[in-house]
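Here are my notes on this one, in the order I went through it. Have the structure open next to you as you read.

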Amino acid sequence: MAAELFSLLSSSHSRPAQSIRHPTWTMFARILKHASAPRSASFSSFASLPSSPLSTQLIRQPSRAARLFSTHAPAMTAPVTIARSERVAHFEQDVWSIFTPLAMECQAVNLGQGFMNFSPPDFVVEAAREAVLRNECNQYSHPKGRPRLRNALAKSYSPLFNRQLDPENEIVVTAGANEGIFSIFAGYLNQGDEVILMEPFFDQYISNITMNGGVPVYCPIRPKGDISKDMSASEWKVDIKELESKITPRSKILVLNTPHNPIGKVFSQEELEEIGVLATKHNLLIISDEVYDRLYFDPKSHQRIATLKGLWDRTITVGSGGKTFGTTGWRIGWLIGPKTLVEPALAAHTRVVFCVNSPLQEAVAVGFEQADERGFFGSQVHAYEAKREKLLSVFRELGLPCTIPEGSYFILVNTDGIQVPKDYTFPELLHKRPKDFRTCYWMTKEIGVCAIPPTEFYSKPNQALAENFARFAFCKTDETLDAAVERLLKLKPYIK
């Protein structure tokens with residue numbers, strides 16, 4: 001029978017017998033389908049099959065057909081393997097791909113990622129709904145951004161920068177703050193150029209730098225207060241001499257983040273002036289990541305480095321509609337700076353995304369147009385202050401020291417006092433990570449609250465500075481925070 005099978009496969013067909021499209025293979029596929037059909041199924045479906053003793057036998061003995069098919073079927077093509085570029089080949093599994101699925105699997109309260117689980121303000125959502133219904137808002141926008149949004153940004157930010165911003169030349173709308181930062185690096189970095197980062201840092205900085213040929217250089221912000229008790233985020237300091245020691249002839253850009261994620265530090269004017277002196281002395285471009293610029297708490301005020309003497313001309317400030325209006329999925333950000341500085345970023349941005357989605361630009365524009373008259377920014381800060389206090393209260397009850405944030409919506413908690421059972425079983429991948437990964441994993445699995453290990457935001461040589469901390473986000477509904485508080489109290493037996 002096998003010989004007859006081979007004869008069938010080889011007969012009167014112009015394509016090789018191994019071709020998966022050979023009519024005989026089609027016949028076998030239909031026979032095998034018949035094998036799984038109810039025994040009462042009609043043979044009429046096989047009327048069009050080529051007639052031969054073999055086909056008749058195989059139709060009536062489908063199990064035999066299956067054996068022959070498995071024996072003589074053509075070999076499947078090996079998977080295509082094409083080497084990935086070195087730009088991405090070195091990326092490790094990131095913290096989000098570990099803890100976000102874990103939180104879902106355990107049905108833990110997720111205070112890890114900094115996304116809001118409450119709706120944006122109604123007037124912004126309504127503006128988005130109306131924009132989608134207008135055809136002109138559903139077509140390409142100018143790469144610089146829609147005029148309405150650039151004008152709204154200029155009106156809102158001009159008083160904050162102590163200058164009249166030119167919406168045509170000094171503002172570029174980007175696909176989120178992250179794409180804006182990527183475009184700055186793309187517009188300025190050549191292979192081997194160095195970028196000075198103060199750590200902990202937003203983890204996307206690293207890939208944004210390296211994918212554009214740059215080299216990140218790190219300088220830690222260190223806690224100068226007593227971390228065994230509550231301390232202000234202002235007590236985390238960067239040593240200006242250590243910062244200058246990181247600058248070399250290859251240094252081109254210095255990145256500043258204020259209000260800071262994850263520390264919650266709002267840099268003082270004195271600190272910004274010292275950083276500005278270094279940037280001027282060594283001719284560095286300053287990227288001032290100020291995505292939390294509308295989220296700082298009394299009595300602190302947010303000082304912008306671009307407003308300091310001589311620093312407007314070397315600073316690009318980055319903003320975020322997602323952080324400002326609780327719309328992180330809309331991916332609307334912006335760059336503000338002198339024309340000569342933003343032009344290279346605009347050139348890169350135009351080639352990366354060309355333009356940003358139009359209807360949501362319109363909605364963010366309406367947000368800025370109406371925010372002041374609605375008292376939105378002030379009421380939002382008060383709401384976040386209450387959320388911050390709700391979460392701080394449970395850590396005080398537990399006796400876990402915290403860094404009290406002056407801005408943003410994260411709390412760094414000292415977890416050194418938490419005694420994770422020594423015989424607890426962790427996944428193999430966590431044994432290669434710092435201690436805070438295991439602490440946060442255990443809390444997610446056993447306490448039911450997910451936090452993020454902040455060593456993810458440090459270079460490997462400095463990860464020890466953060467392995468006894470965990471980052472908790474309080475940009476959540478009161479119901480979510482209440483549930484987290486209730487579960488966190490289960491930590492009491494594990495605290496020494």
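How many aromatic pairs does the structure hold? Keep in mind that this is a predicted model.

1. Aromatic pairs. The count is 28. One to look at is tyrosine 157 with phenylalanine 368, a tilted pair with 6.1 Å centre to centre and 55° between the planes. Tyrosine 157 sits in helix H8 (residues 147–161) and phenylalanine 368 in helix H15 (residues 358–374), so this pair ties together parts that are 211 residues apart in sequence. Tyrosine 157 and phenylalanine 368 are both buried.

2. A stacked pair. Phenylalanine 325 and phenylalanine 376 are stacked, at 5.5 Å centre to centre and with 20° between the planes. Here too distant parts of the chain are linked: phenylalanine 325 belongs to helix H13 and phenylalanine 376 to helix H16, 51 residues apart. Phenylalanine 325 and phenylalanine 376 are each buried.

3. The ring cluster. Both of those pairs have their residues in a cluster linked by ring pairs: Phe123, Tyr157, Phe161, Trp312, Phe325, Trp334, Phe368, Phe376 and Phe377.

4. The main core. The largest nonpolar core runs to 76 residues, and Phe99, Phe395, Met443, Phe472 and Leu491 have the most contacts inside it. Helix H16 (residues 376–398) gives the most to this core, 7 residues. Apart from it there is another core, of 30 residues, with Ala306, Trp312, Val364 and Ala365 among them.

5. Phenylalanine 472 up close. Which residues does phenylalanine 472 touch, leaving aside its neighbours within four places in sequence? It is in contact with Leu111, Leu391, Phe395, Tyr409, Phe410, Ile411, Val413, Met443, Val449, Ala451 and Leu488.

6. Largest pocket. About 700 Å³ of space lies here. The lining has 22 residues, and Glu92, Asp203, Ile206, Glu456 and Lys460 are the closest to the centre. Helix H10 (residues 204–210) gives the most to the lining, with 4 residues. By class, the lining splits into 7 nonpolar, 8 polar and 7 charged residues.

7. Second largest pocket. The volume is about 550 Å³. This pocket is lined by 26 residues, with Gly114, Phe202, Tyr292, Lys323 and Arg331 nearest its centre. Helix H9 (176–188) and helix H13 (321–325) are the elements that give two or more residues to the lining, and the largest share, 4 residues, comes from H9. The classes here are 10 nonpolar, 11 polar and 5 charged.

How values were computed
Residues numbered from 1 in each chain as written. Predicted model: local features only at pLDDT ≥ 70, side-chain atom pairs only at ≥ 80, totals over all residues. Heavy atoms only, no water. Core = buried A, V, L, I, M, F, W, Y, C linked by side-chain atoms within 4.5 Å. Buried < 20%, exposed > 50% of the residue type's maximum accessible area, 1.4 Å probe, protein only. Contact = heavy atoms within 4.5 Å. 1 Å grid on protein atoms, 1.4 Å probe; cavity = no way out; pocket = protein on both sides within 12 Å on 5 of 7 lines; lining within 4 Å. Points joined across faces, edges and corners; volume = space filled by probe spheres on them. Nonpolar A, V, L, I, M, F, W, Y, C, P; charged D, E, K, R; others polar. Phe/Tyr/Trp six-rings, centres within 6.5 Å; stacked < 30°, edge-to-face > 60°.
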